[in-house]
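Here are some notes for a colleague who is opening this structure for the first time. Please read them with the sequence and the model side by side.

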Amino acid sequence: MKSLVIHAAKDLRIEDQTPDAPGQGEVQIEIAAGGICGSDLHYYNHGGFGTVRLKEPMVLGHEVSGRVTALGEGVTGLSIGQLVAVSPSRPCGDCGFCQEGRHNHCLNMRFYGSAMPFPHIQGAFRQVLIADVAQCAPADGLTAGEAAMAEPLAVCLHAAHQAGSLLGKRVLVTGCGPIGLLCILIARRAGATEIVATDLTDFTLDMAAKQGADRTINGREEPGGLNAFQAGKGTFDVLFECTGVAAALSGAIAVMRPGGVIVQLGLGGDMTLPVQMLTAKELELRGSFRFHEEFFTGVTLMQKGLIDVKPLITQTLPLNDAVAAFELASDRTQAMKAQISFS
């Protein structure tokens, strides 16, 4: 089988590897679609992000779907040929955080395509994947591309849970990549009365408007575009910060109303924050890291037609054009979610 292996920044290779057979409780899956995530791009463009650096070759990818080709002993509830979305979240189930139900903070997490631990956790961008049956969400009725969007959708559902009730709230989203757009979709579904989105390209902002943002602001062309929202100590009840850029967060804090909630999703390294403004406005800063049970919820929402991710999938390229796919995915003037077809 062929796998996508990153060796260093800009050194992505298609390599032959030997597929395994499924063991007890495992499923063999022929991967159909894989979405290129922001973390994949950090590995490809920079060799890592923050303090996380590549120390050995690693198979990339964690947004995948595929069809079941073999069932290990004891596996029930799935059938050969069935399309499944594969959750990359593989907590140990035994550590203290898992026992508390906080699986996303597992001390022994095996999250596909992660260089956080060493040896690295190999990813899912391969033609044949062995997964635990507990990772597999039946995706009947969805396309392979939609099913592969379950992972970023789960990230945003977890963020919405961190934010609390969005009913009747005014919401600001900074950063209109796939995560930002999915936050817009979820906020609208959850009853937000106004959603404002900011970014630096017209392409992403146009997509944000199409997905339900009431107003979009290009921070490059309108550097003072948020100023009007500072009146009366601020306007927004909830902020989904999806860039990981200090300037975006600082600018957004100025337009938050007292008692508002900031949910930080973007991972861009350490940031300097205006702590005194946070204090004076009694703002709550809440982190949002990965997900667990939200993965299956996201698949169900897509199956019921309550969340439509299809417009976010802007390109699908074959495996042999993987490098071109990564270059395209890095260009926010023309790509939202670029996917790779493995079949």
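1. Lys2 and Asp16 form a salt bridge in which the closest N and O atoms are 3.5 Å apart. The pair links distant parts of the chain, since Lys2 belongs to strand E1 and Asp16 to strand E2, 14 residues apart. Lys2 counts as partly exposed at 31% relative accessibility, whereas Asp16, at 62%, counts as exposed. Please keep in mind throughout that this is a predicted model.

2. The two strands that carry this pair, E1 and E2, also belong to an open sheet of 3 strands, ordered E2-E1-E6 and paired in the antiparallel sense. Strands E2 (11–16) and E6 (58–59) each have a single partner strand and stand at the edges, so one side of each is left without a neighbour in the sheet. Strand E1 (residues 2–8) pairs with E6 over 2 bridges, and Ile6 stands opposite Met58 in E6.

3. A salt bridge also joins Lys337 and Glu63, with the closest N and O atoms 3.0 Å apart. Lys337 lies in strand E18 and Glu63 in strand E7, so this pair ties together parts that are 274 residues apart in sequence. Are these two residues buried or exposed? Lys337 has 2% relative accessibility and counts as buried, and Glu63, at 1%, counts as buried too.

4. In helix H6 (residues 202–210), Lys210 and Asp206 are 4 residues apart, which means that about one helical turn separates them; their side chains meet in a salt bridge of 3.2 Å, N to O. Lys210 is exposed, with a relative accessible area of 61%, while Asp206 is partly exposed at 38%.

5. Helix H10 (residues 322–329) has Ala322, Ala325, Phe326, Leu328 and Ala329 buried. These residues cover an arc of only 160 degrees around the axis, and so they lie on the same side of H10. What covers them includes E1, E2, helix H1 (38–46), strand E17 (313–318) and strand E18 (337–341).

Terms used:
Residues numbered from 1 in each chain as written. Predicted model: local features only at pLDDT ≥ 70, side-chain atom pairs only at ≥ 80, totals over all residues. Heavy atoms only, no water. Pairing = 2+ DSSP bridges. Buried < 20%, exposed > 50% of the residue type's maximum accessible area, 1.4 Å probe, protein only. Arc of directions from axis to C-beta. Contact = heavy atoms within 4.5 Å. Salt bridge = Lys/Arg side-chain N within 4 Å of Asp/Glu carboxyl O.
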